[in-house]
Amino acid sequence: MRLLVISMLLGFWAAANWESVPTSFAQDPPAPVSDKELIRHVIEKVVVVLAQGLGAGVIVSPDGDILTNKHNVGEHPFVRIRFSNGIEALGEVVARDARSDLALVRVQMEESLPFMNIADDAALEQGDTVFLCGHPFGEGSVCMKGIVSKRWTVSTTLGSHYYGEWISDAPVFPGFSGGAAVNMQEELVGLPHARFPGRLMPAGVSILKSPGLLKKAYRDFKQHRQFRWAHLGIQVQDMPRAVAKRHGVEPFQGVLVSAMLPEVRAGSKLEVGDVLTHFGEVRIRRIDELRRVMQVRDPGDSEIGRAHV
């Protein structure tokens, strides 16, 4: 039995250029933005998506790229986009992905559009304040304030496909799906795409797509017109106390390789019975942590590295 580390193909630029990196920073931190000012900045970047029903989208480039949920656009090649000032335009659905429930719509406008930057995956943490902005029932912009409660693990009600997504207590209405979850730095840190419970009244729990997933989806949609999922070609299982004891490790300190796909077995450095403890520099203790890492990686950007016994 081996304990393995999955290592990223990383360079060593930082080590080679350490002397050129400044050791002190004189920049003052940005002045805090009031809630009112933040909301005013955000709502002009959130649009109504008119196709399957009523949903929302977020402008993520000055050229007219809009991220939204796949269920908002369905299989339509074009959708109508309504901006915060009431102007409507025809948008082309450039790419869509059912598994991530994300889609990219592009509109052609004469002028540059106000847009929102997508935050890094590490920008969102438990306890952060977020504003969820959308267009309930296709009407005017509404923003709700809340905090990030936790990452989703598993639910017998909603299912395991919400693994790795964030839960917020900011209530949302129908029409918020595909809208913006924004942090206090006015960065896009999520897309609300599910709500629980309720259908018409504001729901007390909202499920957010993570910023890392949004950033990868946008990059893949622009470059490849599809979401490129990474796969290790293995089946894994958590290691509760009974399983961990059989393999001589502590409970929930890695995931056990329980099976391998035949097409990857010959050239793989993994074996059934291995325990995966890291992906690059990311610590892996449970399946949901491995899934979160894999969903933001590209095919072929990782390899099995050093073995640790």
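**Disulfide, barrel and confidence of a predicted chain**

With 115 degrees about the S-S bond, the link between cysteine 133 and cysteine 143 is right-handed. The pair connects distant parts of the chain, 10 residues apart: cysteine 133 belongs to strand S8 (residues 129-134) and cysteine 143 to strand S9 (residues 142-151). Strands (E, at least two residues) and helices (H or I, at least four) are DSSP runs, numbered from the N terminus. The S to S distance of this disulfide is 2.1 Å, where a disulfide is defined as a pair of cysteine sulfur atoms within 2.5 Å. The structure holds 1 disulfide. Both cysteine 133 and cysteine 143 are buried; buried means under 20% relative accessible area, exposed over 50%, and partly exposed in between (1.4 Å probe, protein chains only).

The model is predicted: local features need pLDDT of at least 70 and side-chain atom pairs count only at pLDDT 80 or more, while totals for chains, interfaces and linings use all residues. Residues are numbered from 1 along each chain as its sequence is written, and side-chain values use heavy atoms, with hydrogens and water left out. The pLDDT is the predictor's confidence in each residue, from 0 to 100. Its mean over the chain is 78, and 76% of the residues reach 70 or more. Over residues 6-29 the pLDDT is below 50, and this stretch has 22 contacts in the model beyond near neighbours in sequence; a contact means heavy atoms within 4.5 Å. Residues 303-309 also stay under 50, with 19 contacts beyond four places in sequence. Where pLDDT is low, the predicted coordinates should not be read in detail.

A barrel is closed by 6 strands in the order S2-S3-S4-S7-S6-S5, with antiparallel pairing. Neighbouring strands of this sheet are turned by 40 degrees against each other on average, direction ignored. Two strands pair if DSSP finds at least two bridges between them. Antiparallel strands S6 (residues 88-97) and S7 (residues 102-107) are joined by 6 bridges. Glutamate 92 stands opposite arginine 106 in S7. Helix H4 (residues 211-224) lies across strands S4 (65-68), S6 and S7, and runs at about 55 degrees to S7. Axes are lines fitted to C-alpha atoms, for helices over the stretch in contact, and angles run from 0 to 180 degrees between N-to-C directions.

Aspartate 274 is placed in the loop between helix H6 (262-265) and strand S16 (275-279). Aspartate 274 counts as buried because its relative accessibility is 2%. Valine 236 is 38 residues from aspartate 274 in sequence, and the C-alpha to C-alpha distance is 9.6 Å.
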